[in-house]
Amino acid sequence: MNSTPVREPRRRRHGAHRPGRAGVLLALAVALLVLLIVTLPAAGGSDIPSILPTLGYLMLVFVTWGMVAGVRREPGSWLGRRAVRRGVVAAIAADCVGVVATSSPGAQLGSATVLLLLFLVLLNIALGRATERMATAPDGSVDERQEALRNHAHRLAYPVFAVIVGALLIADVVSTQSRTWTEHALGSGGLLVFLELLFVLPGMVLAVIEPAPPPPEPDAPARPRAANRQARVAVVLVVMVFALPFLASVGVVVLPPHSSAVIDTSPPPPQVSGTPGPSSTGGQQATSPQCGSFMSTVSAGWGVSAEMPVFAYACWDGHRASAPSGNTYGPVCWAPGTLVAVTAEQCTPSAVTASDGTLTLTWRATVSPELLPFLNRRVEVKVIIDKNGQVEVHT
Amino acid sequence: MTRSLRRVAVVAVAAVTAVLASALPLHGFGIVVVVVLAGLDILLLQATGWLAFRRGSALDERQTALRDRAYRRGFRLIGLAVLLLGLVWFVSYVFVAQDATVSAGAGIDSGIAGRVLVVAAELVTMMATCVVAWREDGSPESDGVAAGAGQGRNGQWVAWLLLPAIVAAWLLAVAWGPPQSVARGSISIIGGGPASGWTCHEFGGGTMIGAEFGATVGLRAYVCWDGTDAFVWGDPAVPPPASLNHYFKPFTALEFDGANTLETGCGMDNLSDFASVGATTCTERIDAGGTMHYTVSARVSPLPFGIASREVSVALVVTRTGKVLEQP
């Protein structure tokens with residue numbers, strides 16, 4: 001006779017599954033990776049002030065991560081509610097679609113994709129909290145009911161994963177067009193979504209199928225006040241993390257463009273006279289014309305922003321400023337910004353000398369936040385050089 | 001089948017999958033590897049009583065628990081397998097590419113190779129069954145496999161029909177399936193030619209037979225034009241037109257035979273994992289108007305002795321002004 005021993009129900013570990021050392025290292029690695037991806041292209045390697053908003057946002061994301069991870073899911077808490085769990089799953093699915101849709105076939109991630117990936121990280125944390133990381137918990141920390149539930153979740157997730165992979169495989173075979181589509185889908189963002197599904201899909205299924213928790217008993221002890229406070233702070237931080245990019249996107253349209261200080265990039269005066277050249281910005285009146293070149297950076301928005309390096313050169317003689325003879329101004333366009341699309345209307349500046357001898361160089365472009373593409377703003381950058389070589393940048 | 005034999009079969013599946021995932025050339029015998037893999041899969045499926053694919057209503061509580069646990073472990077193992085197979089590919093690629101001056105197939109973009117598709121399908125469909133077969137925990141459910149294996153034994157031979165079906169489908173696709181065009185690969189050289197007045201552009205592409213499970217005849221040509229003629233540059237086997245003789249004075253034979261030879265190569269980008277590609281010829285014809293007609297022809301053979309083989313041609317036509325009239 002074959003008797004099956006009955007496994008003793010294991011006592012479930014109290015509290016949340018704390019992330020282990022591997023989890024912390026993974027978090028640090030992801031943070032470093034995201035930091036490099038986000039900051040290096042945007043900063044051009046050395047422009048620290050321009051990456052401060054991004055760094056600040058990243059810090060906020062990780063503080064939020066830590067805060068959300070520290071909130072204990074209590075019976076009846078909002079994160080444990082079935083509707084909330086399913087909402088998180090739907091948000092993850094939508095985010096994955098967005099990552100694939102916004103990523104380009106190459107290895108470089110666009111700013112919108114990076115933002116969606118950051119959201120994905122947060123949503124994954126929320127999912128982990130909502131399911132108490134039951135899908136990946138060690139065997140010893142789940143009871144029999146939970147083990148059966150998570151095994152069943154994996155069983156259900158498997159065909160879903162197989163269908164997604166199978167669709168990609170079939171698309172790679174059917175025709176040249178579908179193969180091209182597959183390649184696009186499996187670009188940088190698609191690969192990350194594949195990894196997301198590989199590691200998180202069972203947790204998503206678990207969040208959907210897990211029964212609703214029983215309502216808290218009326219005579220149950222109230223949650224500690226500190227726990228309530230932490231949960232509220234976590235909610236506020238999550239809202240901030242999601243809202244800030246949109247607020248900053250509005251800022252592109254609302255905030256006035258600003259320019260950095262004008263830098264005189266003129267070469268030092270030559271020792272040999274008779275050549276057009278160099279000058280100071282000081283505007284000393286001289287008999288022979290003085291020439292100079294200047295540089296500034298115009299920015300629209302803060303955090304979510306676009307920048308345009310402005311280069312101008314001119315000659316002046318105390319009566320009027322003008323473009324150096326024999327020279328024409330080359331095109332200078334707005335650089336692709338962080339979450340900002342730029343439509344350049346006039347990259348090569350128009351140069352007009354007014355009756356008072358002031359030379360005005362004008363660039364025009366339209367900036368539009370990628371997150372709110374229905375908003376846009378026309379930006380006109382004017383560099384005004386007066387007859388004495390004084391330079392101002394107007395936006 | 002005993003647990004030891006089942007484990008041997010699982011190890012064999014892993015080894016064959018690793019061969020497919022590696023960069024080792026298959027020389028047209030990929031279908032043999034696939035059939036072997038499918039045979040091992042059928043063995044494992046029968047040894048486990050198709051437990052991973054049976055409906056829940058046909059299983060008792062113990063079998064359901066065993067199956068679901070296998071799926072959980074299998075899901076985790078897929079991630080590990082992807083990493084390990086990626087490592088296998090990298091190591092084998094370094095090994096294979098050691099002597100190669102240029103990577104084969106780099107001029108064309110043929111998508112996910114058929115052998116990788118098989119690996120992906122294998123991981124997704126068979127991992128749970130492999131876990132059931134391995135059953136490393138030796139838990140009290142050990143009779144779950146045996147119980148499943150005993151069911152439906154009468155119809156076991158039906159599964160083996162899958163093997164001739166795979167071969168037939170593959171043969172059908174390679175011998176009669178519509179060819180698919182293959183886009184240009186990652187190599188991209190555009191710019192001036194070796195002489196002033198020349199403009200040059202690298203063209204790549206090809207024709208795929210058997211939709212990733214056959215072979216690809218590739219074309220990679222560095223084409224220059226000078227307003228009088230368009231011509232292929234850089235392939236010693238395809239000499240430039242006589243009208244260009246005056247250009248060659250500044251160039252040494254070494255320059256002609258050396259650096260640029262990598263940019264045009266006859267048969268360099270052929271891919272032949274599941275069918276052999278032979279008799280590759282590359283011909284250039286420049287008509288009276290200076291238009292270049294460059295054609296790569298090859299014979300794709302799924303079976304030995306040229307059985308069911310088909311001729312494949314890839315054409316590139318460029319005018320003397322650089323206008324492309326035809327390309328893969």
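**Close-up views of a predicted two-chain model**

**View 1. The S9–S10 pairing in chain A.** Strand S9 (residues 377–385) of chain A is joined to S10(A) by four bridges, and the two run antiparallel. Strands here are DSSP runs of E, at least two residues long, and helices are runs of H or I of at least four, numbered from the N terminus; two strands pair if DSSP finds at least two bridges between them. Look for Lys382(A), whose bridge partner in S10(A) is His394(A). This is a predicted model, so local features need pLDDT of at least 70 and side-chain atom pairs count only at pLDDT 80 or more, while totals for chains, interfaces and linings use all residues. Residues are numbered from 1 along each chain as its sequence is written, chains are lettered from A and ligands numbered from 1 in the order in which they are written, and side-chain values use heavy atoms, leaving out hydrogens and water.

**View 2. The open sheet S7-S8-S9-S10 of chain A.** Zooming out, the four strands sit in that order, with antiparallel pairing. Strand S7 (340–353) and strand S10 (391–394) of chain A take the edges with a single partner strand each, so one side of each has no neighbour in the sheet.

**View 3. Two hairpins in chain A.** Strand S3 (residues 290–300) and strand S4 (residues 305–316) of chain A pair in the antiparallel sense over eleven bridges, with Ser296(A) opposite Val310(A). Four residues lie between S3(A) and S4(A) in this hairpin, and Gly301(A) in the turn has a positive phi of about 90 degrees. S4(A) also pairs with strand S5 (residues 321–322) of chain A, antiparallel over two bridges, and here Cys315(A) faces Ser322(A). This hairpin, too, has four residues between its strands, and Gly318(A) takes a positive phi near 95 degrees.

**View 4. H1 against H4 in chain B.** The axes of helix H1 (residues 3–21) and helix H4 (residues 114–134) of chain B come within 10 Å and cross at roughly 165 degrees (axes are lines fitted to C-alpha atoms over the stretch in contact, with angles from 0 to 180 degrees between N-to-C directions). That makes the two helices roughly antiparallel, a label for angles over 145 degrees. Residues in contact (heavy atoms within 4.5 Å) include Val10(B) and Leu20(B) from H1(B), and Val118(B) and Trp134(B) from H4(B).

**View 5. Where chain A meets chain B.** The contact takes 33 residues from chain A and 34 residues from chain B. Together the chains bury about 2800 Å², 57% of it on carbon and sulfur atoms; buried area is the accessible area (1.4 Å probe) lost on putting two parts together, summed over both.

Conventions:
Angles under 35 degrees count as roughly parallel, over 145 as roughly antiparallel, 65 to 115 as roughly perpendicular and the rest as oblique.
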